[in-house]
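The following exercises concern one protein model. Please study the sequence and the structure before reading the solutions.

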Amino acid sequence: MDAPAPTQIQVDTDAQTLTVEWADDHSSVFPLDRLRAACPCANCEGKAVEHIAPPDHTASPDRQWTDLDIEPAGSIGIRITWDDGHNAGIFRWDRLRRLQPKRKT
Ligand SMILES: [Zn+2]
């Protein structure tokens with residue numbers, strides 16, 4: 001299944017979230033520390049992460065991310081430069097979508 005196109009990407013360092021708005025009106029809201037743990041590069045082994053729940057405000061994140069740089073990786077996804085200097089992982093749209101799919105109602 002092809003993921004629908006993302007229409008907007010927004011980082012909120014106060015809320016510690018990255019929000020992806022999809023063309024089909026779904027929003028995926030990723031807690032930044034969970035997203036960092038899901039880094040798909042060869043070193044991080046984040047590929048094992050199959051699902052990221054939306055933020056649970058009872059849990060405090062392991063650390064605060066304050067300075068993220070997000071750039072397009074062609075048309076397939078985004079590259080995130082984390083403020084620990086890491087930027088090897090490309091988060092593909094289809095993977096982001098799978099990590100937090102539309103809730104079935
Ligand atoms: Zn990585």
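**Exercise 1. Determine whether Thr 13 is buried, partly exposed or exposed, and locate Thr 13 in the chain.**

Step 1. Thr 13 has 14 C-beta neighbours inside 10 Å. A residue is buried if 20 or more other C-beta atoms lie within 10 Å of its own, exposed if 12 or fewer, and partly exposed in between, with C-beta atoms placed from the backbone. Thr 13 therefore counts as partly exposed.

Step 2. The model is a predicted one, in which local features need pLDDT of at least 70 and side-chain atom pairs count only at pLDDT 80 or more, whereas totals for chains, interfaces and linings use all residues. Residue numbers start from 1 along each chain as its sequence is written.

Step 3. Thr 13 belongs to the loop between strand S1 (6-12) and S2. Strands are DSSP runs of E with at least two residues, helices are runs of H or I with at least four, and both are numbered from the N terminus.

Step 4. Beyond its neighbours within four places in sequence, Thr 13 is in contact with Trp 65 and Thr 66. Two residues are in contact if their C-beta atoms, placed from the backbone, lie within 7 Å.

**Exercise 2. Describe the overall make-up of the protein, from its elements to its radius of gyration.**

Step 1. The protein contains 2 helices and 6 strands, and from the N terminus on they follow the order β-β-β-α-β-β-β-α.

Step 2. The radius of gyration is 13 Å, close to the 13 Å that the globule rule gives for 105 residues, so the protein is as compact as a globular protein of that length. The radius is taken over C-alpha atoms, and the rule is 2.2 Å times the number of residues to the power 0.38.

Step 3. The C-alpha trace spans about 35 × 35 × 25 Å along its principal axes. Of the 105 residues, 18% count as buried.

**Exercise 3. Work out how S2 and strand S3 pair, and examine Asp 25 and Ser 28.**

Step 1. Two strands pair if DSSP finds at least two bridges between them. S2 and S3 (residues 27-31) are joined in the antiparallel sense over 5 bridges, and Leu 18 has Phe 30 in S3 as its bridge partner.

Step 2. Asp 25 lies in the loop between S2 and S3. Although Asp 25 is not a glycine, its phi is positive, about 75°. With 9 C-beta neighbours inside 10 Å, Asp 25 counts as exposed.

Step 3. Ser 28 is part of strand S3 and is buried, with 20 other C-beta atoms within 10 Å. Apart from neighbours within four places in sequence, its contacts are Val 20, Leu 96, Arg 97 and Gln 100.

**Exercise 4. State the order of the strands in the open sheet of 3 strands and explain why one side of each edge strand has no neighbour in the sheet.**

Step 1. The order is S4-S5-S6, with antiparallel pairing.

Step 2. Strand S4 (69-73) and strand S6 (90-92) stand at the edges and have a single partner strand each, so one side of each is left without a neighbour in the sheet.

Step 3. S4 and S5 pair over 5 bridges, with Arg 79 in S5 as the bridge partner of Glu 71. Strand S5 (residues 77-81) is joined to S6 by 3 bridges, and Ile 78 stands opposite Phe 91 in S6.

Step 4. S4 and S5 form a hairpin with 3 residues between them, where Gly 74 in the turn has a positive phi of about 60°. S4 is hardly covered, since the count of buried residues among its 5 residues is 0.
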